[in-house]
Amino acid sequence: MQGVRYTLSPLTYDYDALQPVISKEIMKLHHDKHHQAYVNGANAALELLEKGRTGVVIVNLKSVMRDLSFNLNGHLLHEIFWKNMRKYQDKNEMPEKLAELLIKNFGSVDAFKKEFVEAGKAVEASGWVMLVKDSEGNLMVTQVQNHNLLGVTGFKPVLVNDVWEHAYYLDYTNDRGAYLEKWWNVVNWDDVMERINT
Ligand code: MN
């Protein structure tokens, strides 16, 4: 019996749609190579678990669980990340309702953006900065280290930004802060609002 396997969703925009914030070169490598590797890694771990169950191989569960957590979270976060973005817009407006929610939770839209950027800059080595929603609809900024550490169980990510070097180094070298600041021009605020609502 073969259990669940995951697949990489195609982008819903062209590789060059996010320029000049994220180059076509980064998008191709990031989506087609890096993300695909996490999908493959998650599926390999699932396959190994299945073989272990039927006694075909002896599985080091501690190691497979670690692989599964890293790769599956990597896959799921990237799936949200691509959909959280849209074609570059000079003046990238958000829905009024979303602005109201951000003001309610952070004091102002600028205060939210500042906290998100600062938290993104402060991620140690590789990871993510996220806007998350709790079960009562409160919004918070959190970090994830790698793809799977420091997360808060049950909190739903509604806006995520990848701050691994592979996400920006070709365009920004070591200036992660510049990447985070420019990224607001490609955020798909309608997608964020939809994730908050569902
Ligand atoms: Mn990535």
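User: Where does Ala125 lie?
Analyst: In this predicted model, Ala125 lies in the loop between helix H4 (109-121) and strand E1 (127-133).

User: What is the phi of Ala125?
Analyst: Phi of Ala125 is near 60°, a positive value in a residue other than glycine.

User: Moving to the peptide bonds, which residues does a cis peptide bond join?
Analyst: A cis peptide bond joins Gln19 and Pro20, with omega at about 5°. Pro20 belongs to the segment before H1.

User: Which domains is the chain divided into?
Analyst: The protein chain is divided into domain 1, covering 24-83, and domain 2, covering 96-197. Their C-alpha centres lie 23 Å apart.

User: How many residues of each domain are in contact?
Analyst: The contact involves 16 residues of domain 1 and 20 residues of domain 2.

User: And what area do domain 1 and domain 2 bury between them?
Analyst: About 1500 Å² is buried between domain 1 and domain 2, and 69% of that is on carbon and sulfur atoms. On the domain 1 side, Ile26, Leu77 and Phe81 lose the most area to domain 2, together accounting for 40% of what that side buries.

User: How many salt bridges and polar contacts are there between domain 1 and domain 2?
Analyst: There are 0 salt bridges between domain 1 and domain 2. The count of residue pairs in polar contact between domain 1 and domain 2, both at pLDDT 80 or more, is 6.

User: Which elements give two or more residues to the domain 1 side of that contact?
Analyst: Those elements are helix H1 (24-53) and helix H2 (61-83). H2 gives the most, with 10 residues. The residues on the side of domain 1 that touches domain 2 divide into 7 nonpolar, 6 polar and 3 charged.

User: Back to salt bridges: what is the count for the model?
Analyst: The count comes to 7 salt bridges. One of the pairs that forms a salt bridge is Lys51 with Glu47, whose closest N and O atoms are 3.4 Å apart.

User: Where do Lys51 and Glu47 lie?
Analyst: Lys51 and Glu47 both lie in helix H1, 4 residues apart, which is about one turn of the helix.

User: What separates the C-alpha atoms of Pro95 and Gly52?
Analyst: The C-alpha atoms of Pro95 and Gly52 are separated by 49 Å, and the two residues are 43 residues apart along the chain.

How values were computed:
Residues are numbered from 1 along each chain as its sequence is written. This is a predicted model: local features need pLDDT of at least 70, side-chain atom pairs count only at pLDDT 80 or more; totals for chains, interfaces and linings use all residues. Side-chain values use heavy atoms; hydrogens and water are left out. Domain bounds come from an automatic or database domain assignment. Contact means heavy atoms within 4.5 Å. Buried area is the accessible area (1.4 Å probe) that two parts lose on being put together, summed over both. A salt bridge is a side-chain nitrogen of Lys or Arg within 4 Å of a carboxyl oxygen of Asp or Glu. A polar contact is a pair of N or O atoms within 3.5 Å; within protein, one must be able to donate a hydrogen and the other to accept it, and residues adjacent in sequence count only if both atoms are side-chain atoms. Ala, Val, Leu, Ile, Met, Phe, Trp, Tyr, Cys and Pro count as nonpolar, Asp, Glu, Lys and Arg as charged, and the others, Gly among them, as polar.
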